[in-house]
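Let's take a walk through this model together. Have the sequence and the 3D view open, and follow along as we go.

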Amino acid sequence: MSKVIRGTTKSSRFVLVDAKEIVQEALNIHKCSPTAIAAFGRLLSGTVMMGTTLKGNDVLTLRTTTDGPLSTMIATINKDGIKGYLSNPEVDLPSLENGQPDVKNLIGKGVLNVIKDLGLKDPYVGVSTIEDGEIAYDIAYYYVTSEQTPTVIALGVELENENTVRSAGGYMIQLMPNAEESFISKLENKIGAIRNITELFKGGMDLERILHLLYEDMEDENNTKLIEEYSILDTREVNYACDCNSEKFYKGIITLAKDELEDILKENGNIEVQCHFCGKKYSFSREDLKDVL
Ligand SMILES: [Zn+2]
């Protein structure tokens, strides 16, 4: 079970995510390389953060389309949970000199699509460029350029070994429209001064302690201290969850031409499809398809 907390202060709102379980499930399903899961885990964690504002049956999808080996990643979240897909989970790159995964070069440059289906006639589709390729900055850039909301995001994924996630998650702080300049500089100083998110998790800190660390003793360049009081609005659990079912795949299959279906049935005896998001397999026999043949 992964955990999300969100809340507000006078000058900002915040979301913190512990996405270890979600990223572990994604690793199990997609068999990602170590660098690919570092990238994909960042996207999943970031999408969980962004998804905290969804209501009812809203669906939020983030899709990256880039010129690096990873090519395409998708993460989509609704009230039931988050799921994701990546086109090239096996691609990998050597770690950087500091031991960090080379997420930037695995992703490369390209486009981030933010698609919000709020139950209206057409979904909202935001388009932003991916310049940095480490996802955190790219999502923050989207918020600044598309939603005019100054945003700071930290994301990290650390593995214990190639099959096991040690930690994953991060935090996002967004400035309220009325935030004072002095708060912004204090926040920047603070984030520059604390250890990165992976090290905080490694040090055994949970989300509440990280939240406290972010807002306690903020200082501006004149060393004026300020304790920004925060209040947690809600704490929730989010799982990796796929809502696929046999009926959905049936509807997809019957859009194929009749002779195409016949060819597959002749060759394989039945038609097997696999869900991109969760890996579940569905099999349709000639009997299942008798209405459309
Ligand atoms: Zn599925």
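In which strand is Gln-274 found? Gln-274 is found in strand E13, residues 270-274; strands here are DSSP runs of E with at least two residues, helices are runs of H or I with at least four, and both are numbered from the N terminus.

## Ground rules

This is a predicted model, in which local features need pLDDT of at least 70 and side-chain atom pairs count only at pLDDT 80 or more, while totals for chains, interfaces and linings use all residues. Residues are numbered from 1 along each chain as its sequence is written.

Leaving aside neighbours within four places in sequence, Gln-274 is in contact with Gly-279 and Lys-281, where contact means C-beta atoms, placed from the backbone, within 7 Å.

Just after H9, Gly-269 takes a positive phi of about 85°.

## The whole chain

Stepping back, the protein chain has 9 helices and 14 strands. Its radius of gyration is 21 Å, close to the 19 Å that the globule rule gives for 293 residues, so the chain is as compact as a globular protein of that length. That radius is taken over C-alpha atoms, and the rule is 2.2 Å times the number of residues to the power 0.38. Along its principal axes, the C-alpha trace spans about 75 × 45 × 30 Å.

Of the 293 residues, 38% count as buried. Among contacts with a separation of 6 or more, 63% come from residues 24 or more positions apart.

## Two domains

The chain is divided into domain 1 (2-238) and domain 2 (246-285), with bounds that come from an automatic or database domain assignment. Taken over C-alpha atoms, the domain centres are separated by 36 Å. The contact takes 4 residues from domain 1 and 4 residues from domain 2.

On the side of domain 1 that touches domain 2, strand E5 (residues 81-86) gives the most, with 3 residues. By class, that side has 2 nonpolar, 1 polar and 1 charged residues. Here Ala, Val, Leu, Ile, Met, Phe, Trp, Tyr, Cys and Pro count as nonpolar, Asp, Glu, Lys and Arg as charged, and the others, Gly among them, as polar.

In soluble globular proteins, nonpolar side chains tend to be buried together. In this model, the largest nonpolar core has 68 residues, and those with the most contacts inside it are Val-23, Ala-39, Phe-40, Leu-44, Val-48 and Tyr-171. Helix H2 (residues 34-50) supplies the largest share of this core, 10 residues. Such a core is a set of buried Ala, Val, Leu, Ile, Met, Phe, Trp, Tyr and Cys residues joined through C-beta atoms within 7 Å.

H2 is mostly covered, with 16 of its 17 residues buried. From first C-alpha to last, H2 reaches 24 Å, close to the 24 Å expected at 1.5 Å a residue; the expected span is 1.5 Å times one less than the number of residues. As for Tyr-171, not counting residues up to four places away in sequence, it touches Phe-14, Val-15, Leu-16, Ala-154, Ile-197, Ile-210 and Leu-214.

## Loops worth a look

Lys-31 lies in the loop between helix H1 (20-30) and H2. Its phi is near 50°, a positive value in a residue other than glycine, and Lys-31 is partly exposed, with 14 other C-beta atoms within 10 Å. Gln-148, in the loop between helix H4 (136-146) and strand E8 (151-161), has a positive phi of about 50° although it is not a glycine. Gln-148 is exposed, with 8 other C-beta atoms within 10 Å.

Lys-55 sits in the loop between H2 and strand E3 (59-66) and counts as exposed, with 8 C-beta neighbours inside 10 Å. Between the C-alpha atoms of Lys-55 and Pro-101 there are 35 Å. Finally, Ile-194 is in the loop between helix H5 (181-193) and helix H6 (197-202) and is partly exposed, with 14 other C-beta atoms within 10 Å.

Note on methods: A residue is buried if 20 or more other C-beta atoms lie within 10 Å of its own, exposed if 12 or fewer, and partly exposed in between; C-beta atoms are placed from the backbone. Two residues are in contact if their C-beta atoms, placed from the backbone, lie within 7 Å.
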